[in-house]
Amino acid sequence: MSPECVRQDAESLRREVSRWESQARQRERRLAELERELLEKSSRAESLRRQLDDATRQLEESRRRHGEYVSQPVEVEVESADSQRALAELQAKNGGLQEQLSVQRQLLRELETQLHESQRTCAQLRTQILVYEGEMERAQGQLEVEMQNLEEEKNRVIEEAFIRAESEMKAVHENLAGVRMNLLSLQPALRTLTCDYNSLKRQVQDFPFMLDKAITEAKQEICQVISDVSSTNQELLRKYKREMNLRKKCHNELVRLKGNIRVFCRVRPVSQEEQDSAADAKTMLSFDSDDDAILYLANKGKMMTFELDKVFPPQATQQEVFQEVQSLVTSCIDGFNVCIFAYGQTGSGKTYTMEGVPDNPGINQRALRLLFSEVTEKAPDWDYKISVSMVEIYNETLRNLLGENPSDKLDIKMNPDGSGQLYVPGLTEFTVQSPEDINRVFELGHMNRATACTNLNEHSSRSHALLIITVSGFNSATGNRTQGKLNLVDLAGSERIGKSGAEGSRLREAQCINKSLSALGDVINALRGKHSHVPFRNSRLTYLLQDSLNGDSKTLMMVQVRPGPLTLWGPAFWAPQGCADPTSILYSPVFGPHEYS
C-alpha cells in the first residue's frame with residue numbers, strides 16, 4: 001500500500017472518530033437533559049403526592065367530624081350546607097389530584113424508559129468509541145510502519161539515483177571528450193560547408209531571376225504548343241466537318257439516286273382460310289426470278305407486268321424488309337424528314353409490316369432500335385434526343401393516341417415562331433431512351449386506337465395511325481444542330497365499298513378513307529411532277545405531313561398486296577411496266593372520285 005493511501009485511510013479514520021465523538025457528546029448532552037427533566041418530573045410528582053396526602057388528611061378529618069369513613073362511600077345527611085360544599089370541593093380536588101398523579105406516574109415511567117434507552121445507547125457509543133480508538137491506534141501503528149518503510153525506500157532510491165547519476169556523469173564526460181575530438185576533426189569539413197553554404201546562398205539570391213527567366217521561356221514554349229495544337233484541332237475540326245458533310249451528302253445522294261419517292265410492294269402469304277376456300281386458293285401473282293422489281297399479275301387471261309422499286313415475295317422476312325428501308329431511317333438523324341407509308345387493302349398485312357408481333361417486330365420498333373444504336377455510336381460528339389408521339393386520323397378528325405383523353409379533337413396550326421412549320425397544339429410527346437419506353441408508348445397507343453368490324457377483316461383498322469419520331473441532335477465540338485422527323489404511317493384499309501359490306505357510319509368511314517388516300521396520291525403525283533401547286537390541304541393526312549413530304553424529304557410507299565382475287569379491288573396498287581411515275585399506284589383512272597362521292 002502506498003503512503004498516500006495510508007495517509008488517506010488515516011485521515012478517514014480520524015474524521016470517523018471525530019464524528020463518533022461528536023455524536024457521543026450529543027448523546028451525553030441529551031442524557032443530561034433527560035436526567036434534569038426526570039428530576040423535575042420527580043419533584044413535581046412528589047409535590048403532587050404531598051398535595052394529595054394533605055387533601056386526603058383533610059377529607060378524613062372532615063369525615064371524622066361528621067362520623068363518616070373514607071373507605072365506605074355511604075351517603076349521610078350533613079347538618080350544615082357549608083360542610084357539604086367543603087366536602088364536595090375536597091372530593092373534586094382529590095379526584096383531580098388522583099388523575100394528575102396517574103399522568104405523572106405514566107410520564108415518569110416513560111422518562112425512566114427513555115433514560116434506560118439513553119444509558120444503553122451511551123454504553124454502546126462508549127463501546128464503539130473504544131473500538132474506534134483501538135482501530136485508530138492500529139491504523140496509527142500501521143501508518144508509522146508505512147512511513148518508516150517509505151523513508152527507507154526513499155533513502156534507497158536516492159542512493160541508487162546518486163550512483164546512477166555518477167555513472168551517467170562519467171559517461172557524459174567521456175562522450176564530451178569524444179565530441180571534442182570529433183569537433184577538432186570536423187573543423188576542416190565545417191570550413192568546406194561554410195564555403196558551400198555561401199555559394200548556395202548566392203545561388204538562392206539569384207534563383208528568383210533564374211526562375212522568372214525559366215517561367216517566361218516555359219510560357220513561350222507552352223503558348224507555342226497550344227497554338228500548334230489549336231491549329232491542329234482547327235484543321236481536324238475542319239476535316240471532320242468536311243467528312244461529315246461529305247458523308248451526309250453521299251448518303252443523301254444515294255437516297256436521291258434510289259428516288260426521293262420510292263415504291264415497294266410486299267405480297268403476304270396465303271392464309272389457311274384462303275387455302276381452304278376454292279375461290280381464293282388460286283394465286284394470281286407471280287415473280288421474276290432475275291429481277292426483284294418486277295411483279296406479274298394474271299387478269300382475265302392476260303398477264304400484266306408491273307415494275308416497282310422493290311418487290312418482296314411472301315417468304316420475305318421482317319428483317320429483309322427493314323434492310324431496304326433502314327437507309328431512310330438513318331436520314332432523319334442527319335436532319336431530313338422521312339415518311340414511310342403502309343398502303344393496301346384491308347387484310348393485306350399493313351399492320352404486320354409496320355408493327356409486327358412481339359417476337360418478330362415490324363418497321364416501327366426496328367426503326368427506333370436502329371436510331372438508338374446510331375445515336376449511341378455517335379456519342380459523345382453528338383447529343384441526341386428522341387421523342388415520340390402517336391396520332392390517329394379518323395373520319396378526317398385528328399386524335400391524340402398518347403393523351404389522357406384520346407377522344408379530344410386536335411387541330412393543325414402554323415407555328416407562331418415564323419418558321420412556316422406546322423404543329424399540333426396539345427399533342428402529347430414522350431421522350432424515349434430504351435426499348436422498354438417504346439413498348440410502353442406502343443401499348444398506350446394501341447389501347448386508344450379506334451377499331452371496328454367489317455366483312456373483310458374482323459378487326460380492321462378504320463383510321464390512319466401515325467407514329468411521329470423526332471430526332472434532335474447537337475454537336476458539342478462544332479456547335480451544329482440537326483432536327484429530323486420520321487413519320488411511320490399505317491394507313492387505313494382500302495377496299496370497294498360495296499364488297500366490304502359497310503353501311504351507315506361504316507360507309508362514311510370508308511368514304512373518308514378512300515378520299516384521304518386519293519388526296520395522298522394527288523400530293524405525291526404533284527410532288528413527282530414538280531407542280532407549282534401541291535394540294536396538301538385536301539385531307540388532314542397530307543396537311544399534317546406537309547413538312548415531311550415537301551422539299552428534300554424522303555418518302556417510301558410500302559404497298560401491301562393480298563395474293564387472292566381481291567388484289568385489283570380498291571384504288572390501283574401499281575403502275576404498268578414502263579410508266580414514268582411508279583407512284584401512280586395511288587392515282588388511277590380505274591377508281592376515280594365516284595368511289596367516295
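Predicted model: local features only at pLDDT ≥ 70, side-chain atom pairs only at ≥ 80, totals over all residues.
Residues are numbered from 1 along each chain as its sequence is written, and side-chain values use heavy atoms, with hydrogens and water left out.

**Sheet.** I followed β3 (residues 294-299) and found that six bridges join this strand to β4, the two running antiparallel. The open sheet has three strands in the order β2-β3-β4, with antiparallel pairing (strands are DSSP runs of E, at least two residues, and helices runs of H or I, at least four, numbered from the N terminus; two strands pair if DSSP finds at least two bridges between them). The edge strands, each pairing on one side only, are β2 (285-287) and β4 (302-307).

**Helix pair.** I then turned to α4 (residues 318-331) and α6 (residues 363-378), whose axes come within 10 Å and cross at roughly 50°, which makes α4 oblique to α6 (angles under 35 degrees count as roughly parallel, over 145 as roughly antiparallel, 65 to 115 as roughly perpendicular and the rest as oblique; axes are lines fitted to C-alpha atoms, for helices over the stretch in contact, and angles run from 0 to 180 degrees between N-to-C directions).

**Helix α9.** I recorded 24 residues for α9 (residues 505-528), and just after α9 I saw that K530 takes a positive phi of about 50°.

Conventions:
Expected span 1.5 Å × (residues − 1).
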